[in-house]
Every structure is written in C-alpha cells, then in structure tokens.
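User: Got a fold here I'd like to walk through with you. Can we go feature by feature?

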Amino acid sequence: MDQRSEVSVRPSASICIPLFQKVDYIGRTIESALAQTFTDFELVVLDNACTDGSSAVVESYDDPRLRVYRHTETVPMIANFAAAVAATRAPLVKVLMADDLIEPDALARQVAVLEAEPEVAIVSSRHHLVDDHDRIIARDRTLRTPDLVGRQGRASVVRRVVRHGGNPLGGPGNMLFRRSAFEQVGGFPTDAPFVLDVALAVRLTTVGDFYGLPETLSRFRLASGSESAAARRRNLRAQRAFVRGLRRDHADVVRPGDVVRGLARWPLTWLRHHVIMSASTDPDSRAHRAAARVLAPRARRSS
C-alpha cells in the first residue's frame, strides 16, 4: 500500500474514507470532512486502485490533515474498509463513505459524547438522504424511536434492529467509534458488506454502550445506478439473514414479541428498500421523482 504523506502528531479523532470509483463525489466528501469545526483530527483516504479519475481529485488537495494511501491492486470492500481504519492513528474513528457528506459540527458533537461517556463504544446520529446534486430527498432518517436516543445498552439496540428488520442505527458516516472497542470485537464482520454498518454497531454494543444523538449530522448519498436488481435481491437476503443471526446470537435479550413485530414489518422493510433504490436513479427521471415523493414525508415512529 503506497502512502503519500505522514504527520507525526497523533490526533484526537480520525476520519477515514475507503475510496473506489467515486470521481463525481469524492471532492465534495473530502471538503465536508475538512470543513469540521473540531480541528484536532486527521483525514485518511485509502484509494482502492481507482481507475476513474478519483485519484487525481484526491491528489489535488493540499492539506496537512490529509494522508493518502493507495492499493496497487483492488481489494474486496470489507478488506479496504479494514485497511482504512488500520491506517488511522486516533483513538476515535469515523468511516465516511466516498460519496457521503458530514455536517461541519459532526465531529465536535460526537467527540464530546465519547469524551463525556467513557462506557460508550459508539455514537451515531440521524442523516438526510440526498441525490446526485446534493438535494435533500428525505430528512432526519434513522434513530427515530426513543430506545435509540441517548445512551442505550445492547438489549435496546438489538431488540430495535430485530423489530425494524433493516438498519435503524445509521450508516458509517453517522457513526464515530472507539478504536479500542473496534479492536476488541475483532473489527468489521467479514461476510456481509451490505449490513456492514449495522453489524459493526451491534457488535460494538457487546463491549460498550450505544449513544444516539437526535441530530442530523450526515448526508447519505443515493447515487445514480448504485444497485442493480440482482444486487437488490442479494442485499435483501443478506439483511434477512443478518436479522435471523441476531435473533440467534442475542437470544438472551430478544423477546418473542420482537420477533413477531419484525416478521410482521418485513413487507414494509422490503418496500422501503425498493423505494430507496428507486430514488438511486437519474435525479431528473420519473422513477426518482416518484420515489422522492414517497420518501419526503417524515415517517411515523415505529413500535
């Protein structure tokens, strides 16, 4: 893995961006990271042997907080994510997808929580859904129920995920976690990229608490053409398998009522996934506009 630069001082927090073929977005993602009001951080970009011009965009930034690594050959997604975290040096780490955005106060708000709450392993927030042009499609997604706001233990988090059937916790950009907890649980799960974020969050609750901020601190990109029909089916199967695994592996806290509610909710989970993927099309297309209209209203809190 090639490295561009090195800074000797160990920062308080790290943002790492695993990058692969995101030439249209990576500049905006980097700029959102560098615009943080919290200043004691580093930004690490791990270029997964991009061939689309993304590398040139990254190399155009000259900022002492930025360190760039590059794989000589493309590696699998989870391996790239793990290598990105390994390249960071701070005790607190945020993994930011290469097409997502974070708000200027994201690090400041989340670092403050982890400094004040030593038993918390991971803090998350809400996010907006945005299209290719950064226009907001849906506001304030995830963490929509009281049992995910504030400091919560493993039982609350697992039960809510089982009831929800999807990911009510947020994407990677929503989260900031302790490196020590990440290393203690063995890092990222290695078998299901689609549920990587929620799987890591649940895994971290086995060694520390979860903290949900009822603020919107990131923007999740619904990039055009981000998922094919075959991938959609595969990802839905992975999501169901993950929830079944939670019911098995956390049987000590999952109640029969949680399982029943999750099964009853599955048609809504299936529909929500398809609507969101329909929004991942050309922002000027009919399918995108129809999906955006469905997503725009604030969803009711689920039981």
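User: How many residues sit between β7 and β8 in the hairpin?
Analyst: There are 5 residues between β7 and β8. Asp 134 in that turn has a positive phi of about 70°. Keep in mind that this is a predicted model.

User: In which sense do the two strands pair, and over how many bridges?
Analyst: Antiparallel, over 3 bridges. Strand β7 covers residues 120-130 and strand β8 covers residues 136-141.

User: Which residue in β8 is the bridge partner of His 127?
Analyst: Arg 141.

User: What about phi at Thr 142?
Analyst: Thr 142 has a positive phi of about 70°, and it is not a glycine. Most residues other than glycine have a negative phi. Thr 142 lies in the loop between β8 and β9.

User: Is Thr 142 buried or exposed?
Analyst: Buried, because its relative accessibility is 13% and the cut-off for buried is under 20%.

User: Switching to the core. Which residues have the most contacts inside the largest nonpolar one?
Analyst: Leu 169, Phe 177, Phe 188, Val 202 and Phe 242. That core has 42 residues.

User: Which elements give two or more residues to it?
Analyst: The strands are β3 (41-47), β5 (92-95) and β7. The helices are α3, α5 (154-164), α6 (179-184), α7 (196-204) and α8 (229-249). Helix α7 gives the most, with 7 residues.

User: What other core lies apart from it?
Analyst: One of 32 residues. Val 45, Leu 96, Ile 102 and Leu 217 are among them. As a rule, nonpolar side chains tend to be buried together in soluble globular proteins.

User: Back to Leu 169. What is it in contact with, beyond its sequence neighbours?
Analyst: Leaving aside neighbours within four places, the contacts of Leu 169 include Ser 124, Ser 125, Thr 142, Leu 143 and Leu 148. Val 157, Val 161, Met 175, Val 198, Ala 201, Val 202 and Phe 210 are also in contact with Leu 169.

User: And Gly 150, where is it, and what does it touch?
Analyst: Gly 150 is in strand β9 (residues 150-152). Beyond four places in sequence, Gly 150 is in contact with Phe 210, Tyr 211 and Gly 212. Gly 150 counts as buried because its relative accessibility is 14%.

User: How far apart are Gly 150 and Ser 124?
Analyst: 9.7 Å in space, C-alpha to C-alpha, and 26 residues in sequence.

User: Next, Asn 80. Buried or exposed?
Analyst: Asn 80 is buried, with a relative accessible area of 3%. Asn 80 lies in helix α3. Setting aside neighbours within four places, Asn 80 is in contact with Pro 18, Leu 19, Leu 46, Asn 48, His 71 and Val 75.

User: And Pro 76?
Analyst: Pro 76 is in the loop between β4 (66-70) and α3 (77-86). At 60% relative accessibility, Pro 76 counts as exposed. The C-alpha atoms of Pro 76 and Asn 48 are separated by 8.9 Å.

User: Last one. Which residues make the nonpolar surface patch?
Analyst: Leu 268, Trp 270 and Leu 271 make a patch of about 300 Å². Leu 271 is in helix α9 (residues 256-278). Leu 271 counts as partly exposed, at 45% relative accessibility.

Definitions and conventions
Residues are numbered from 1 along each chain as its sequence is written. This is a predicted model: local features need pLDDT of at least 70, side-chain atom pairs count only at pLDDT 80 or more; totals for chains, interfaces and linings use all residues. Side-chain values use heavy atoms; hydrogens and water are left out. Patches are made of residues with over 30% relative accessible area and no salt bridge: like charges are joined within 9 Å, nonpolar side chains (Val, Leu, Ile, Met, Phe, Trp, Tyr) within 5 Å. Accessible areas come from the Shrake-Rupley method with a 1.4 Å probe; for residues, only the protein chains shown count as cover. A salt bridge is a side-chain nitrogen of Lys or Arg within 4 Å of a carboxyl oxygen of Asp or Glu. Helices (H or I, at least four residues) and strands (E, at least two) are DSSP runs, numbered from the N terminus. Buried means under 20% relative accessible area, exposed over 50%, partly exposed in between (1.4 Å probe, protein chains only). Contact means heavy atoms within 4.5 Å. Two strands pair if DSSP finds at least two bridges between them. A nonpolar core is a set of buried Ala, Val, Leu, Ile, Met, Phe, Trp, Tyr and Cys residues joined through side-chain atoms within 4.5 Å.
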